[in-house]
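Subject: Structure handover

Dear colleague,

Please find the structure below, with the sequence alongside. My notes come after it.

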Amino acid sequence: TGTDRLYEARSSDQGLSWSKPKPSPFVASNAPASMIVLDQPKGAVVVVWNETTKDDRKPLSVAYSRDNCRSWSQSKILTADYSPYPSITQAANGQIVAAWFEQAAGGTAIAFARFNWEWLTAAGP
């Protein structure tokens with residue numbers, strides 16, 4: 001959006017129609033986020049995004065929702081480094097995997113983090 005927030009829209013009819021987009025609770029620059037609905041625990045939603053209003057695309061943070069994205073946990077930082085274009089998935093064993101680009105000698109590389117629901121929901125960083 002070019003603003004200091006990610007935007008959200010909601011659907012109550014399986015995606016046939018959507019509400020007007022509005023600012024979400026996520027502070028962010030003009031960079032994409034990635035979101036997934038988990039199989040384990042069923043229905044939980046996890047989002048990864050660059051939690052900054054600057055265009056430096058760092059840090060990369062993660063948060064979760066257990067109530068259909070009406071409220072969100074406090075964020076945890078996956079990496080404090082430059083981390084654009086995140087993606088997220090859940091492996092068959094329940095592990096959550098986030099991947100992103102990072103700066104490397106001579107160009108860019110793909111970095112990733114694996115974590116579980118227990119780490120994500122535990123208190124602290």
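Predicted model: local features only at pLDDT ≥ 70, side-chain atom pairs only at ≥ 80, totals over all residues.

Residues are numbered from 1 along each chain as its sequence is written, and side-chain values use heavy atoms, with hydrogens and water left out.

The sheet

Strands here are DSSP runs (E, at least two residues), numbered from the N terminus, and two strands pair if DSSP finds at least two bridges between them. An open sheet of three strands runs in the order β7-β8-β9, with antiparallel pairing. β7 and β9 (107-115) are at the edges with a single partner strand each, so one side of each has no neighbour in the sheet. From one strand to the next the twist averages 25° (axes are lines fitted to C-alpha atoms, and angles run from 0 to 180 degrees between N-to-C directions).

Nine antiparallel bridges link β8 (residues 96-104) and β9. Among them, W100 is partnered with A111 of β9, and A104 with G107 of β9. The two strands β8 and β9 make a hairpin with two residues between them, and G106 in the turn has a positive phi of about 80°.

The surface

A nonpolar surface patch is formed by Y85, F101 and I110, which together have about 330 Å² of accessible area. Accessible areas come from the Shrake-Rupley method with a 1.4 Å probe, and for residues only the protein chains shown count as cover. Patches take residues with over 30% relative accessible area and no salt bridge; like charges are joined within 9 Å, and nonpolar side chains (Val, Leu, Ile, Met, Phe, Trp, Tyr) within 5 Å. Y85 sits in the loop between β6 (76-79) and β7 (87-90). Y85 is partly exposed, at 46% relative accessible area (buried is under 20%, exposed over 50%, partly exposed in between).

Contacts

How many salt bridges does a search of the whole structure find? The search finds one, where a salt bridge is a side-chain nitrogen of Lys or Arg within 4 Å of a carboxyl oxygen of Asp or Glu. The side chains in question are those of R10 and E8, at 4.0 Å from N to O. R10 is partly exposed at 32% relative accessibility, whereas E8 is buried at 19%.

S29, in the loop between β2 (22-27) and β3 (34-37), is buried at 5% relative accessibility. A polar atom of the S29 side chain lies 3.2 Å from the backbone oxygen of K54. F26, in strand β2, is buried at 8% relative accessibility.

The backbone

Most residues other than glycine have a negative phi, and most peptide bonds are trans. The Q40 to P41 peptide bond is cis, with omega about -5°, and P41 is in the loop between β3 and β4 (45-50). The bond from K58 to P59 is also cis, with omega near 5°.

P59 lies in the loop between β4 and β5 (60-65), and R57 is in the loop between β4 and β5. R57 has a positive phi near 55° and is buried at 15% relative accessible area. N68, in the loop between β5 and β6, has a positive phi near 60°. N68 is exposed, with a relative accessible area of 55%.

Regards

Definitions and conventions
Helix = DSSP H or I, 4+ residues; strand = E, 2+ residues; numbered from the N terminus. Buried < 20%, exposed > 50% of the residue type's maximum accessible area, 1.4 Å probe, protein only. Polar contact = N/O pair within 3.5 Å; in protein donor to acceptor, adjacent residues only side chain to side chain.
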